[in-house]
Amino acid sequence: MITLPPVDRSTLVATRRDIHQHPELGFEETRTAALAADRLHSLGYQVKKGVGRTGVVALRNGRAGGGARCVLLRADMDALPIEEANAVPYRSQHPGKMHACGHDGHVAIGLEVARRLAGLDLPGSVKFAFQPAEEASNGAQAMIVDGVLEAPHVSAAFGIHLWNELPVGTIAVTPGPFMASVDQFEITIHGRGGHAAAPHQAIDSVLVAAHVVTALQSLISRRRDPLEEAVVSVTEVHAGRAFNVIPARADLRGTVRTFGGRFYEQAPQLIEETAQGTAAAFGARAEVQYRRLSAPLINDRQLSDLVRDVAVDLVGTTNVRDSVRTMGGEDMAYFLEQVPGCFAFVGSAASSGSAPHHSPTFDIDEESLVIGAELLTRTAVRYLS
Ligand SMILES: [Zn+2]
Ligand SMILES: [Zn+2]
């Protein structure tokens, strides 16, 4: 039986507030990375910096040596380009940057878990990935390319997101598809410019773009199996500079979200055909660029059960949710594509209510830090034991 040292709540909160005051955007997390690396080094971990550019990896080998299991715990470190509107003593000190997604809390939790596991005699290895650039969806891949899942090979990966859609004291553990794929498309409509009063001499890129936007929504209603979840959102429309000129070009951007499946496979081709076919009907031309930013996040069923058991011990059955899903994306998906694991949400909304993620008034109930640290520490111990 392993006895865990208690959570050091005051250090946990102080670390989170320190990082909150010094937010850094994706691949610029040098201060945060140095803070994490110093702490991990002094705890006796083998620390590697610069993994996936600004990422930090820490390793502690288990007593069994080679061949034993290795658990990976992942914390993302990046902030967002948002001006903080909270009047709190730990407000962001960097204008235009803010930890508005809770990643400051993830780093603090990761370091507290590392501290609690450091002194234990565990049968397997523990590896921490302090990951850059989650918001841009390419930090996880950068760390994987740099070998975070090898030497030693990671046998399971776990992570959490503090989650303001859920009240503090609750935990969501959903087996199977949990968070959506994130794809991005860019469509350029090439028409022919002309006088607003003589539309017959022009090919109106604005009208074509409007038809394309409408046709893209028809993919959801007519081309997708209604039992498969999917979203198409056109979020940017750019065209024209004068009220009396028909612009030659219009640009659209948007996103497709799914949990995998047929529509996920077909989406790049459907978007391209729809844009090009619609444009052709008006005598215009469409150019389409389609990029997969992050895969659907799929939780391993067995390891979800393990996390669920830990969560039930921690907050009680009635406070554990098993059917929460979101069309939001997470690049933790890339780790879980390579190795089995589970990503869970730790409720962080205050009882008085908390602002949503990515808003300038985002903040968390800091009790969620304690719950997150307990959940990940106990999950790692239970997995390795
Ligand atoms: Zn976010
Ligand atoms: Zn996030």
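1. A word on terms before we start: a residue is called buried here when its relative accessible area is under 20%. By that cut-off, 10 of the 12 residues of strand β5 are buried, so β5 is largely enclosed by the rest of the structure. Please keep in mind throughout that this is a predicted model.

2. It is worth looking at the partners of β5 next. Strand β3 (residues 70–76) pairs with β5 in the parallel sense, over four bridges, and L72 has A157 as its bridge partner in β5. Strand β16 (residues 341–349) also pairs with β5 in the parallel sense, here over eight bridges. For I160, the bridge partner in β16 is A344.

3. Now to the metal site. Which residues coordinate the zinc ion (ligand 2)? The donors are C101 through SG, and H103 and H161 through NE2, at 2.1 to 2.4 Å. Along the chain these donors follow the spacing C-x1-H-x57-H. H103 lies in helix α3 (residues 103–118) and H161 in strand β5 (residues 156–167), so the pair ties together parts that are 58 residues apart in sequence.

4. The zinc ion (ligand 1) and the zinc ion (ligand 2) are 3.1 Å apart, with C101 coordinating both. Are the two histidines buried or exposed? H103 has 0% relative accessibility and counts as buried; H161, at 2%, counts as buried too.

5. Moving on to the open sheet, you will find four strands in the order β10-β12-β8-β13, with antiparallel pairing. Because β10 (230–239) and β13 (285–294) stand at the edges with a single partner strand each, one side of each is left without a neighbour in the sheet. On average, neighbouring strands of this sheet are turned by 15° against each other, direction ignored. Helix α5 (residues 205–223) packs on the sheet and touches β8 (181–190), β10 and β12. The direction of α5 makes about 175° with that of β10.

6. Two further details belong with this sheet. Nine bridges join β10 to strand β12 (residues 249–258) in the antiparallel sense, and V232 finds its bridge partner in β12 at V256. Helix α6 (residues 262–281) lies across β8, β10, β12 and β13, and runs at about 160° to β13.

7. What lines the largest pocket? There are 27 lining residues, and those nearest the centre of the pocket are E135, R257, G328, G329 and H358. The elements giving two or more residues to this lining are β5, β8, β10, β12 and β13. β12 provides the largest share, four residues. The space in this pocket comes to about 590 Å³.

8. How many cavities of 30 Å³ or more does a search of the whole structure find? The search finds two, and the largest cavity holds about 70 Å³ of space. The lining of the largest cavity consists of L73, R74, A75, H106, I109, G110, F128, F130, I160 and L376. At least two of the lining residues come from each of β3, α3 and β4 (125–131).

Technical notes
Residues are numbered from 1 along each chain as its sequence is written. Chains are lettered from A and ligands numbered from 1 in the order in which they are written. This is a predicted model: local features need pLDDT of at least 70, side-chain atom pairs count only at pLDDT 80 or more; totals for chains, interfaces and linings use all residues. Side-chain values use heavy atoms; hydrogens and water are left out. Two strands pair if DSSP finds at least two bridges between them. Axes are lines fitted to C-alpha atoms, for helices over the stretch in contact, and angles run from 0 to 180 degrees between N-to-C directions. Contact means heavy atoms within 4.5 Å. Donors are N, O and S atoms within 2.8 Å of the metal (3.2 Å for Na, K and Ca); water is not among the atoms, so sites may look incomplete. Buried means under 20% relative accessible area, exposed over 50%, partly exposed in between (1.4 Å probe, protein chains only). On a 1 Å grid over the protein atoms alone, a cavity is a set of points where a 1.4 Å probe fits but cannot get out, and a pocket is an open set with protein on both sides within 12 Å along at least five of seven lines; lining residues have an atom within 4 Å of a point. Grid points are joined across faces, edges and corners, and a volume is the space filled by probe spheres set on the points.
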